[in-house]
Each structure stands twice: as C-alpha cells, then as structure tokens.
Amino acid sequence: MERKKLSRFVTEVFITPASAPGWFGYYNYDPLSADHTRLLCHRTSHEAVAPEKGMTVEVGYYEIQKGEWHGIGTSDSWNWPQAASAQWLSTNGKDDSVIFNASENNHNIAVIHDIQSSKDRKLDWSIYEITPDSKKSIAIDMERAHWCRTYHYQSVSNELLNVPIAEGDGIFEIDLVHNTRRCIVAIQDVIAKDADSNFLSLKHWVEHIMISPSGEKFAFLHRFSPVDSPMQYQTRLCIANIDGGNLKVVKGWRDYSLSHFGWKSDDEFCIYSVKIPALQKQFLSSIKTSGSKPQGKSGLKSRIIVAFKNVIPPSIRTYLKGGRSANFYQFYKLLDDEYLPTFRLDKPAFNIDGHPSFTKDGRFMITDTYADKKGWRHLYAYNIETGKEVELAMFYEPLVGNPARCDLHPKLSRDNNYVTVDTTNTGKHGMEVYKINWADIITATK
C-alpha cells in the first residue's frame, strides 16, 4: 500500500532512519537549526505505547548532510504530542545550545546543553515556549499539568497539585540566564475574567502557550471542567503582553469549541473553531451546573439529541445548515482594543482540525489535518490573499486510535523555506524535512 503522496510543491530533503524511531512534537517550534544543517529529534524505544513513569527518550540532533546522529541527553519527562519540548537556543544568530525538559529528585527541571563544550546546565523548572531572544521561557507548571486533561508528564506526581484550583498556578516567566521563575498571570485572575457564576465550583488549568512573532505577546488556552469529568472541558483563548499585563479573554467562547491556534501577526490570529449547537450548549450547561452528568428528563433529552446529532454525517449536517460548515478556522484581529472575528475559513479542505502556522509576511497559512476516514493526513498551503489552496502532501496514519498516534504538526522553518513533519507512514515514528517550492505555489494559487 502506498503510504505517502507528494506534490510538485515540495521537495524531499531529509528523512530520519526507520531503524531509529523518532519525532519532534508540536508545530510552533522549529526543529531545524537556523542554517538548516541540524535537525532536533527525540528518539524512542517505546514505540506505539502510552508513556509510563520511568520511560525515557533520547534527545539529540541529526547532521542532515551526513545523516549522523548526535545524542545530547535523555529525558523521562515527555509525551507524544510535545515530546520533551526540545528547542534551539540562539546566540548572535547561531543555534549553539539545546534546551529540553527532564526530572530530578521527583521534580520537573530543564536542561541546557551546550553543543560546543558538551556541558549541561540545569534549571529548576520545566520550560514551555522560548522567547525569540532565547533568554526566557513563558511556561505552565508541568507538575500541575500532570493532574489535568492536558499534555503532561508521567515523571512527577505531586499530590499537592491534585486539586480543582491549584494555589500559585498560572503562567510563569522563567529567566534562562539567572535560573529564576515568577508568576506573571495567576490562575485566579484568568478565572475572574468574563466568568460564569459557577466557575469556582469547577476544575481549572492553563495550557498551549504560543508567543507572538515579535515576542511582545503570548496566547494560551484556559480550560475548565467539572471536577469529576475532566473530558467534559470547555476552552477559552486568552492573550496577554509578554510580561503578563493587559490580560484579555477573547469573546465568543461560549459559542464555540476551540482548539489549535496560530499567530498571523502580533495583532492577528486564527483558531480552529466548532460551533456549539443550542442543544449541546444546554447539555454543557447541565454538566457544569451538576458537576457531573446532567440529571432528570431535560438532561436525558439533551444527551439523546446530542448523541443523535453526532451520528449524522458531516456532509448532511452542512447541507441542513445551508451549505455552511460548523467546523472552520476563525480569523481575529485587534480592533478597538478587542480581538474581533474578521474572516471564517470554512472551505471543505479545512473542515478537519489542524495545526496552523503563517509565513512571516502573513500571505500563506500552512496547516495539516487529522486523519480522514481513510486514514490520510493532509498538508496544505492556503493563500489568504486569493482564497485558494494547494495540497502539499498526504501521509497515511496507521496508528489512529493508538495513544502514540502521530499528528503531522507542520513546522515552518524560521526563514519559511522548509517544513518539517512528524509521521508514522512507515509504521514507525519519523521526521521528514521538505523544501517548499514557493514559486510553484504562488503561481498555482493566483
């Protein structure tokens, strides 16, 4: 069976060896060094299984021209979607160090490895996304994340953080130079913004930090659920200045289920959104009120109707709504000090959730899809100016339903000339690097 289909719009540059399964993780970090000669990777011997305490991955990089592997450390603090958050640290425009998460003495830490000296320096906390100047990380508390429905680590289990609202939780600034940490957005301040009346009876956490292109702002997701039903969570998108000031909750969150986000500029972004039908909103309200499952006849009626809705094929649901999909990328722009919706991208190619990134000029969006009904994940480039898209490639996903399923998580290089994907099209995890043929894409999307 064919496992991969490439278009003329990309050219293969490098593929990690099938004999050494490896992957990178999330889509808002660039695994390529600035000069495109090295590729960060996490290698694993625990293929296609859920992470367990004590399992480790090897962190390192490939010399792309020679195909040589350079291991720089191991980590027991990893997950499949984000691995150990390995990232390049730059000095004077040169990527000379790598930072990644680990644990020590039952506490999550980060390790900075200097490639030239081969020396390690440890930080007292785990990191998340690194600021463009490589001096700080804007981070969540990964030990708190262990107890939430979010990407977390099995390495540390601090029972003191197994509570609905963790005292001292929030968004943190970690100074990578001085090894200090301070809370810049308290979870209590997030909860208080545009709050529902029952918020204090729910479980709350933060996740998915993404720093704006210039490094002046960051976005994150605030999620909350009944204490005993974490999978019944709802999501709000929050944006703050890089120092934590000017915190905003993007309006309209009660009407949509929100997931993956991408900055188009410092004042523009898109987020994958699913319109919540009125009856489902009633269902969610019943859950929030009871703290568990909705009770009585109204709760039963809501559950039946929502369940029936979910078995109707998406194409029929779209037809019944007059041809407009309920799943789309919603674009926002900062207008009059509020982030307001400006454009809805609901073309069929983009009705499956994906992970969006933008070129530096804001002209093109690169995104992928979850596996379709036949098990294929698709990679697209969308021309925002013309409203046309091209398919760059498609990859078969044999691990659908497996805890180690592999999103493509397309990662644009910092100069926008390359895209790296994670894939299991061979049956094992691997990374593939492609040169983007922009001239052909521009011509095809005029």
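Analyst: In this predicted model, a search of the whole structure finds 22 salt bridges. Several of them are described here in turn.

One is formed by Asp194 and Arg254, whose closest N and O atoms are 3.2 Å apart. This pair links distant parts of the chain, 60 residues apart: Asp194 belongs to the loop between helix 2 (187-192) and strand 15 (203-211), and Arg254 to the loop between strand 18 (248-249) and strand 19 (256-265). Asp194 has a relative accessible area of 37% and is partly exposed; Arg254, at 32%, also counts as partly exposed.

Another salt bridge joins Asp267 to Lys217, with 2.6 Å between the closest N and O atoms. Here too the pair links distant parts of the chain, with Asp267 in the loop between strand 19 and strand 20 (268-275) and Lys217 in strand 16 (residues 217-225), 50 residues apart. Asp267 is partly exposed at a relative accessible area of 33%, whereas Lys217, with a value of 10%, is buried because the cut-off for that class is under 20%.

Asp422 and Lys411 form a further salt bridge, their closest N and O atoms lying 3.3 Å apart. The two residues are eleven residues apart, Asp422 in strand 28 (residues 418-423) and Lys411 in strand 27 (residues 411-412). Both Asp422 and Lys411 are buried.

Beyond these pairs, salt bridges also link Arg377, Glu397, Arg405 and Asp407 in a network.

How values were computed:
Residues are numbered from 1 along each chain as its sequence is written. This is a predicted model: local features need pLDDT of at least 70, side-chain atom pairs count only at pLDDT 80 or more; totals for chains, interfaces and linings use all residues. Side-chain values use heavy atoms; hydrogens and water are left out. A salt bridge is a side-chain nitrogen of Lys or Arg within 4 Å of a carboxyl oxygen of Asp or Glu. Helices (H or I, at least four residues) and strands (E, at least two) are DSSP runs, numbered from the N terminus. Buried means under 20% relative accessible area, exposed over 50%, partly exposed in between (1.4 Å probe, protein chains only).
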